[in-house]
Amino acid sequence: MIIPAGCLFLIFGLARQLNLIHAGQFAIPGVLHAAVFVLSAITAIAGPLFLRTLFAHSMRNETEATAQKFLVFQKTNLWISQMTPYLAFIAVFCDFPRFYGGAIVLMALYAVYYFFPSEKRISFDQKIFRVK
């Protein structure tokens, strides 16, 4: 999921270095800066946190979670969080102001780092939700 976003950044950076794309060429209205910022905060932080809370709430009366439910939860969480790098690409591509662009890129880095499905994180979540 992250490879296409990385390729977009690579191609865009190369196009800028070769002067095929100029700064300010793809400007968008200022209202959209804030909208993309809020959307990136939702996809990087609020959405995954909300899904985790919903999953924990749905498992509150059960002694253990099935592997299928846990897998669906992990996939959904990963899909939502990995939208953020694409929003960061939009912010960089459209030359957002430094505040919005920097914050969106930082949220994308957080989403990629924190929600990367490492064995350690998955096993920790399996213990918390008592996955059989």
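Tutor: The structure contains zero disulfides, a disulfide being a pair of cysteine sulfur atoms within 2.5 Å. C7 is in no disulfide, and the nearest cysteine sulfur, that of C94, is 19 Å away. This is a predicted model, in which local features need pLDDT of at least 70 and side-chain atom pairs count only at pLDDT 80 or more, while totals for chains, interfaces and linings use all residues. Residues are numbered from 1 along each chain as its sequence is written, and side-chain values use heavy atoms, with hydrogens and water left out.

The sulfur of C94 is too far for a bond, because the closest cysteine sulfur, in C7, is 19 Å from it. At 11% relative accessibility, C94 counts as buried, whereas C7, at 38%, counts as partly exposed. Here buried means under 20% relative accessible area, exposed over 50%, and partly exposed in between (1.4 Å probe, protein chains only).

Helix 3 spans residues 67-81; helices are DSSP runs of H or I with at least four residues, numbered from the N terminus. Its buried residues are F70, F73, Q74, N77, L78 and S81. Seen down the axis of helix 3, these fall within an arc of 125°, so they line one face of the helix; the arc is that of the directions from the helix axis to the C-beta atoms. The face turned away from that buried side carries the exposed residues Q68, K75 and W79.

Finally, Y114 has its place in helix 5 and, at 42% relative accessibility, counts as partly exposed.

Technical notes
Helices (H or I, at least four residues) and strands (E, at least two) are DSSP runs, numbered from the N terminus. The expected span of a helix is 1.5 Å times one less than its number of residues.
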